[in-house]
Amino acid sequence: MGRAFEFRKARKMKRWSAMSKAFTRIGKDIVMAVKEGGPDPDSNSRLRAVIQNAKAVNMPKDNVERAIKRASDKSQGDYKEVLFEGYAQHGIAVLIETATDNNTRTVANVRSYFNKTDGSLGTSGSVVFMFDHTCNFKIKGDNLDLEELELELIDSGVDEIFEDTDVDEDGVEHTSVMVYAPFESFGSIQAYLEANDIEIISSGFERIPQVTKKLTPEQAEDVEKLLEKLEEDDDVQNVYHTMEERAD
């Protein structure tokens with residue numbers, strides 16, 4: 001197992017479990033997808049992917065349809081994707097993905113979080129090179145030969161394919177398959193999976209740290225103060241860092 005597997009395992013122990021935050025995030029993704037490619041998921045591959053992600057977090061179908069309808073309204077403002085980079089305490093690099101309709105507000109908020117936790121907001125390019133930008137797909141694993149699938153996707157630059165397990169609210173364990181590849185491979189992998197009727201549960205993009213740093217519990221708490229402030233902000237979509245994740 002490689003870095004993508006370890007990253008995935010650590011992330012599953014962490015945040016993004018708050019349903020309201022997940023719905024807010026997907027709502028913005030719908031707006032950006034519709035503005036980019038129109039409201040018809042059959043002809044808009046990005047919107048198809050967002051709808052799959054909405055199903056994965058149990059977002060009601062009515063909510064999805066309302067979000068698409070609102071996004072189709074010309075009066076609906078658009079969201080701009082903005083990347084922020086900086087350092088938390090103890091030399092931990094932090095990369096923040098935001099989707100905002102008011103960049104001035106977002107910049108001010110993000111800067112204040114760094115200042116209040118003794119971190120430092122950096123300039124563009126200061127830490128992004130420390131992370132690999134990847135795409136991922138979570139697919140139904142029934143009757144799939146992982147070695148054969150990896151061979152089929154080798155031309156798309158697939159990095160890792162591995163089984164993953166989740167436990168639902170009833171305590172039932174479900175097995176799926178995770179596919180990780182470079183960011184630019186998203187379209188070709190999505191097209192292959194759809195063409196071969198392989199069910200996509202969810203998909204997305206992640207930034208995997210090339211190297212992580214182990215901190216003491218006390219030092220980790222210092223960093224967590226910044227991460228929590230960032231992740232509570234409605235404009236923030238994702239937060240990545242180079243701190244080694246703890247199992248607790």
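Visitor: Which residue takes a positive phi in the hairpin of strand 1 and strand 2?

Guide: A word on the source: this is a predicted model, in which local features need pLDDT of at least 70, side-chain atom pairs count only at pLDDT 80 or more, and totals for chains, interfaces and linings use all residues. Residues are numbered from 1 along each chain as its sequence is written, and side-chain values use heavy atoms, without hydrogens and water. His 90 takes the positive phi, near 65°, in a hairpin with five residues between the strands. Strands (E, at least two residues) and helices (H or I, at least four) are DSSP runs numbered from the N terminus.

Visitor: How many bridges join strand 1 to strand 2?

Guide: Two strands pair if DSSP finds at least two bridges between them. Here eight bridges join strand 1 (residues 80–87) to the antiparallel strand 2 (residues 93–100); Glu 85, for instance, has Leu 95 as its partner. Strand 1 also runs antiparallel to strand 3 (residues 120–121), with two bridges, and Tyr 87 stands opposite Ser 120.

Visitor: What describes a pair of aromatic rings?

Guide: The distance of the centres and the angle of the planes describe it. Rings of Phe, Tyr and Trp (its six-membered ring) pair with centres within 6.5 Å; planes under 30 degrees apart are stacked, over 60 edge-to-face, the rest tilted. The structure holds five such pairs. In one of them, Phe 137 and Phe 186 are stacked, at 4.8 Å centre to centre and 25° between the planes. This pair links strand 4 (residues 131–140) to helix 7 (residues 186–195), 49 residues apart.

Visitor: Is Phe 137 buried or exposed?

Guide: Buried means under 20% relative accessible area, exposed over 50%, partly exposed in between (1.4 Å probe, protein chains only). Phe 137 is buried, at 1%.
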